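Have a look at the fold below before reading on.

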Amino acid sequence: MVFDVSVVLTWILFIALFPIGFFWLRRAWRIVVNRDFSEVATKHGESPPNPEKFAPYEMAINLVAGGIIVSVIVAVVVGAWDYSTWSAVAGSTIWCKFFASFALSRHAHATFGRPKSEV
């Protein structure tokens with residue numbers, strides 16, 4: 001048997017989908033059910049001044065991305081998608097979630113339009 005790097009990377013990506021989906025869906029659960037806003041739009045580990053304002057957006061980002069990842073896992077397990085399809089969907093979802101969460105955190109911590117005394 002010949003060692004194939006692409007097979008190893010395929011398995012690493014697939015196995016990584018499980019904790020990614022779990023953590024994203026858990027964050028959405030914490031926001032909706034537990035009303036825990038400690039991880040909403042954090043920047044350098046610090047929450048914005050009003051995290052409850054941005055909680056619905058963070059919840060939606062995590063819920064949609066987590067749902068897509070779980071759908072990819074199910075599609076791979078039942079054999080509905082080939083490698084190029086599921087890896088493209090999973091990779092695009094991961095990157096879009098990171099960019100959306102980053103943009104939300106920067107928007108939540110923005111200081112433009114506020115007087116200097118509030119900042």
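What follows is a short tour, starting with the core and ending with a surface patch.

Keep in mind that this is a predicted model.

**The core**

Let's start inside. The largest nonpolar core is made of 11 residues: A28, I31, F37, V40, A41, F54, A55, M59, I61, L104 and A108. Helices α1, α2 (51–78) and α3 (83–108) are the elements that each put two or more residues into this core. The largest share comes from α2, with 4 residues. There is also a second, separate core of 10 residues, and F14, L17, V72 and I94 are among them. As general background, nonpolar side chains tend to be buried together in soluble globular proteins.

L104, a member of the largest core, touches A41, F54, Y57, E58 and I61, leaving aside residues up to four places away in sequence. S101, also in helix α3, touches E58 and I61, with that sequence neighbourhood left out again. Is S101 buried or exposed? S101 counts as buried because its relative accessibility is 13%, and the cut-off for buried is under 20%.

**The charged network**

Now for the charges. The count of salt bridges comes to 3, and here they are:

| Salt bridge | Closest N and O atoms |
|---|---|
| R27 with E39 | 3.1 Å |
| R27 with E58 | 3.4 Å |
| E39 with R30 | 3.3 Å |

Through shared partners, these salt bridges join R27, R30, E39 and E58 into one network. R27 sits in helix α1 and E39 in the loop between α1 and α2, so this pair ties together parts that are 12 residues apart in sequence.

How exposed are the partners? E58 is buried, with a relative accessible area of 2%. E39 is partly exposed, with a relative accessible area of 31%, and R30 also counts as partly exposed, at 23% relative accessibility. E58 turns up in the contacts above as well, touched by L104 and by S101.

**On the outside**

Which residues form a nonpolar patch on the surface? F3, V5, V8, L9 and I12 do, with about 490 Å² of accessible area together. V8 belongs to helix α1 and is partly exposed, with a relative accessible area of 32%.

Finally, find W29, which is placed in helix α1 (residues 5–32). W29 counts as exposed because its relative accessible area is 53%, and the cut-off for exposed is over 50%. The C-alpha atoms of W29 and L63 are 8.4 Å apart, while the two residues are separated by 34 residues along the chain.

How values were computed:
Residues are numbered from 1 along each chain as its sequence is written. This is a predicted model: local features need pLDDT of at least 70, side-chain atom pairs count only at pLDDT 80 or more; totals for chains, interfaces and linings use all residues. Side-chain values use heavy atoms; hydrogens and water are left out. Buried means under 20% relative accessible area, exposed over 50%, partly exposed in between (1.4 Å probe, protein chains only). A nonpolar core is a set of buried Ala, Val, Leu, Ile, Met, Phe, Trp, Tyr and Cys residues joined through side-chain atoms within 4.5 Å. Contact means heavy atoms within 4.5 Å. Patches are made of residues with over 30% relative accessible area and no salt bridge: like charges are joined within 9 Å, nonpolar side chains (Val, Leu, Ile, Met, Phe, Trp, Tyr) within 5 Å. Accessible areas come from the Shrake-Rupley method with a 1.4 Å probe; for residues, only the protein chains shown count as cover. A salt bridge is a side-chain nitrogen of Lys or Arg within 4 Å of a carboxyl oxygen of Asp or Glu.
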